[in-house]
Amino acid sequence: MKPLGTQVGSLTLASPVMTASGTAGHAAELAPYGKLAHLGAVVVKSLHAEPWQGNPAPRLAPLESGMINSVGLQGPGIESWLDNDLPNLLAEAATVVASIWGHTVTEFARAAEMLAAAPADVVAVEVNLSCPNTDAGRHTFASDPDATKAVMEATAACNRPRWAKLSPMVANICDIAAAAINGGAEALVLTNTMPGIRINTSNISASPSPDDDAKTRSFSPVLGAGGGGVSGAALHPVALRVVHDVHTAMPEVPIIGVGGISIGEHAAEFILAGACAVQVGTATFADPRAVWKVQKQLQRWFNRHAITDISHAIGALQ
């Protein structure tokens with residue numbers, strides 16, 4: 001089955017289904033499991049202008065309905081990615097979306113500038129304003145409209161469409177979304193993970209006395225960085241609500257829905273809520289073929305409902 005194509009701002013994609021940043025690596029790691037060229041796009045893990053080591057281990061932990069991670073945006077830096085990783089994606093004929101992040105507006109601008117000369121196969125840049133595993137995303141850019149607008153304006157040097165990846169953990173997501181669009185974003189990626197924490201309830205101190213107070217024992221977070229980002233099934237209804245609210249307020253703005261998609265019907269929900277495309281992330285950790293399975297199942301859903309143009313389904317929730 002040939003999937004329906006979709007329009008994301010000025011871009012025409014062959015499929016509405018993409019990988020989600022941070023879940024498919026920096027290069028062609030998923031190529032052994034399916035044709036990357038058959039996807040709408042491969043969105044790579046967020047890149048800083050310079051190499052970044054990320055957070056201390058342990059970095060991942062399972063949840064009853066998803067997972068929590070504190071990888072912390074580890075990456076090789078944009079120069080190394082352009083030289084060593086991007087060629088592997090291009091060899092697979094993938095449509096590529098780069099993702100960038102920074103601690104400051106200047107760092108975001110530098111990352112965008114470094115992508116300006118990337119091949120045309122890098123069709124867009126996702127601006128990650130909202131990773132909960134860094135102070136930059138958690139406390140500044142994703143929660144303040146002025147900061148959001150400033151970053152989007154600063155990344156114009158990439159010379160290709162920019163998508164703003166936003167957080168659900170804000171007082172008014174529509175204010176942030178409007179600021180991103182006013183700053184030059186062509187589309188919104190809704191949403192990033194939500195901040196959370198898991199605690200190791202086992203007492204790891206040596207032979208504690210029964211008289212010890214619990215506060216004196218060595219209890220610690222499960223993740224090395226303390227907190228992390230919650231993703232997977234638990235995020236799905238939250239992300240759906242964000243997509244619905246933003247689409248209702250700004251129906252003309254292209255939205256890419258992401259959060260807890262593991263089957264085609266999950267992707268269909270995002271489209272009915274107002275998304276023109278979706279990204280599959282956490283499901284890939286359990287099954288690296290998940291993104292292709294979702295794509296096939298979504299196309300079957302379109303066929304069952306006699307939908308031959310995705311625009312007829314976008315925002316069809318009554």
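In the predicted model, helix 7 (residues 264-273) is followed by Gly-274, a residue with a positive phi near 135 degrees. Of the 10 residues in helix 7, 7 are buried, so the helix is largely enclosed by the rest of the structure. These buried positions are Gly-264, His-266, Ala-267, Ala-268, Phe-270, Ile-271 and Ala-273.

The largest nonpolar core contains 77 residues, and the members that touch the most others are Leu-36, Trp-81, Leu-89, Ile-100, Leu-166, Leu-188 and Val-246. Helix 9 (residues 290-304) makes the greatest contribution to this core, supplying 7 residues. A separate, second core is formed by 17 residues, among them Leu-11, Met-18, Val-97 and Val-123. Within the largest core, Leu-89 is one of the members touching the most others. When neighbours within four places in sequence are set aside, the contacts of Leu-89 are His-26, Ala-27, Ala-28, Leu-36, Val-42, Val-44, Trp-81, Ala-94 and Val-96.

Four strands form an open sheet in the order 5-6-14-11, with antiparallel pairing. Strand 5 (60-63) and strand 11 (194-196) lie at the edges, each pairing on one side only. On average, and with direction ignored, neighbouring strands of this sheet are turned by 35 degrees against each other. Strand 6 (residues 66-69) is joined to strand 14 (residues 228-231) by 3 bridges in the antiparallel sense. Asn-69 is positioned opposite Gly-229 of strand 14.

Key. Residues are numbered from 1 along each chain as its sequence is written. This is a predicted model: local features need pLDDT of at least 70, side-chain atom pairs count only at pLDDT 80 or more; totals for chains, interfaces and linings use all residues. Side-chain values use heavy atoms; hydrogens and water are left out. A nonpolar core is a set of buried Ala, Val, Leu, Ile, Met, Phe, Trp, Tyr and Cys residues joined through side-chain atoms within 4.5 Å. Buried means under 20% relative accessible area, exposed over 50%, partly exposed in between (1.4 Å probe, protein chains only). Helices (H or I, at least four residues) and strands (E, at least two) are DSSP runs, numbered from the N terminus. Contact means heavy atoms within 4.5 Å. Two strands pair if DSSP finds at least two bridges between them. Axes are lines fitted to C-alpha atoms, for helices over the stretch in contact, and angles run from 0 to 180 degrees between N-to-C directions.
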